[in-house]
Amino acid sequence: MSHETKAPDPAPTKKARVVRPFDTRCEMTWIVMPGDCNALDTVFGGQVCSWIDVCAAVAAQRFTHTDVVTAAMDQLVFKAPIRRGKVAVLQAMVNWAGRTSMEIGVRVEEECPTTGVRTQTSTAYLTFVAVNSALQPIEVPTLAPHTKDEHRRFREAEHRRADRLAHRARIQASRGAP
Ligand SMILES: CC(C)(COP(=O)(O)OP(=O)(O)OC[C@H]1O[C@@H](n2cnc3c(N)ncnc32)[C@H](O)[C@@H]1OP(=O)(O)O)[C@@H](O)C(=O)NCCC(=O)NCCS
């Protein structure tokens, strides 16, 4: 009888997990209270930023199942205000994933509680990085777009990432960084 023991299978890497963008969705809603507002009775921009960051972080963690940090927030456009007494609706989803980073798109809308009509007020794109307990970047799972829209968002996110990295490289070069 053989006493050979079979070597244990290697632990699956994060990349082995395959996640659909749809499964990372996060929707958050708030009734806009006076404490959320500026002197114009519309939501303070910093409050919108904070809501966006939280909503994006939940989507990122639904994707990675790890800790994540915000690396960058760009293209935050305020198209319309969100007024006191209305409902703020945020929807986030992972658009693209690289080795350790991912892009999350967030759409912000104002919903009228009496008519249900929603108006888009902001969009934002954030880069999150998955990190370990030492806050070092770690691999993320594979993102597998399925629908036409998911493929479009993935492609567009690749363009934004290329622009972001090129922009960072230009700034570093202009400062004489290595
Ligand atoms: C984000 C952070 C972990 C990245 O660390 P780093 O040493 O620069 O790591 P790397 O250079 O290996 O980059 C890791 C990934 O992030 C991406 N990245 C880093 N900075 C980026 C930026 N400004 N824009 C876009 N992508 C960025 C890299 O392209 C890389 O992606 P990839 O692995 O998918 O190819 C580090 O900068 C950090 O800790 N920042 C502070 C985060 C924080 O405090 N956020 C606020 C509170 S959550």
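A: Strand β3 gives the largest share of the shell around the ligand, four residues. A residue counts as near a molecule if its C-beta atom, placed from the backbone, lies within 6 Å of it. The shell has 15 residues, and A71, G98, R99, T100 and S101 come nearest. Helices (H or I, at least four residues) and strands (E, at least two) are DSSP runs, numbered from the N terminus. By type, the shell splits into seven nonpolar, five polar and three charged residues. Here Ala, Val, Leu, Ile, Met, Phe, Trp, Tyr, Cys and Pro are nonpolar, Asp, Glu, Lys and Arg are charged, and the others, Gly among them, are polar.

The model is a predicted one: local features need pLDDT of at least 70, side-chain atom pairs count only at pLDDT 80 or more, and totals for chains, interfaces and linings use all residues. Residue numbers start from 1 along each chain as its sequence is written.

Now follow β3 into the sheet. β3 pairs with β6 in the antiparallel sense, over nine bridges. Two strands pair if DSSP finds at least two bridges between them. The hairpin of β5 and β6 has six residues between the strands, and G116 takes a positive phi near 80° in it.

Next comes β4. β4 and strand β5 (residues 101–111) run antiparallel and share 10 bridges. W96 stands opposite E103 in β5. These two strands also form a hairpin, with three residues between them. On to strand β2 (residues 26–31): six bridges join β2 to β4, and the two run antiparallel. M28 faces L90 in β4 across this pairing.

The open sheet has five strands in the order β2-β4-β5-β6-β3, with antiparallel pairing. β2 and β3 are the edge strands, each pairing on one side only. From one strand to the next, the twist averages 25°.

Two helices pack on this sheet. α1 touches β2, β3, β4, β5 and β6, and its direction makes about 45° with that of β4. α2 touches β3, β4, β5 and β6, and its direction makes about 80° with that of β4. Axes are lines fitted to C-alpha atoms, for helices over the stretch in contact, and angles run from 0 to 180 degrees between N-to-C directions.

How covered are these parts? A residue is buried if 20 or more other C-beta atoms lie within 10 Å of its own, exposed if 12 or fewer, and partly exposed in between. Strand β4 (residues 87–97) has eight buried residues out of 11, so β4 is largely enclosed by the rest of the structure. In α1, the buried residues are V48, W51, I52, C55, A56, A59, A60, F63 and T64. Their cover includes β1 (18–19), β2, β3, β4, β5 and β6. α2 is hardly covered: two of its 27 residues are buried.

Helix α1 (residues 45–64) has 20 residues and reaches 28 Å from its first C-alpha to its last, close to the 28 Å expected. α2 has 27 residues and reaches 39 Å, close to the 39 Å expected. After α1 comes H65, with phi near 60°. Just after α2, G176 has a phi of about 75°.

T42 sits in the loop between β2 and α1. T42 counts as buried because 20 C-beta neighbours lie inside 10 Å. Leaving aside neighbours within four places in sequence, T42 is in contact (C-beta atoms within 7 Å) with C37, P81, I82 and R83. T42 and A130 are 88 residues apart in sequence and 34 Å apart in space, C-alpha to C-alpha.

Methods
The expected span of a helix is 1.5 Å times one less than its number of residues.
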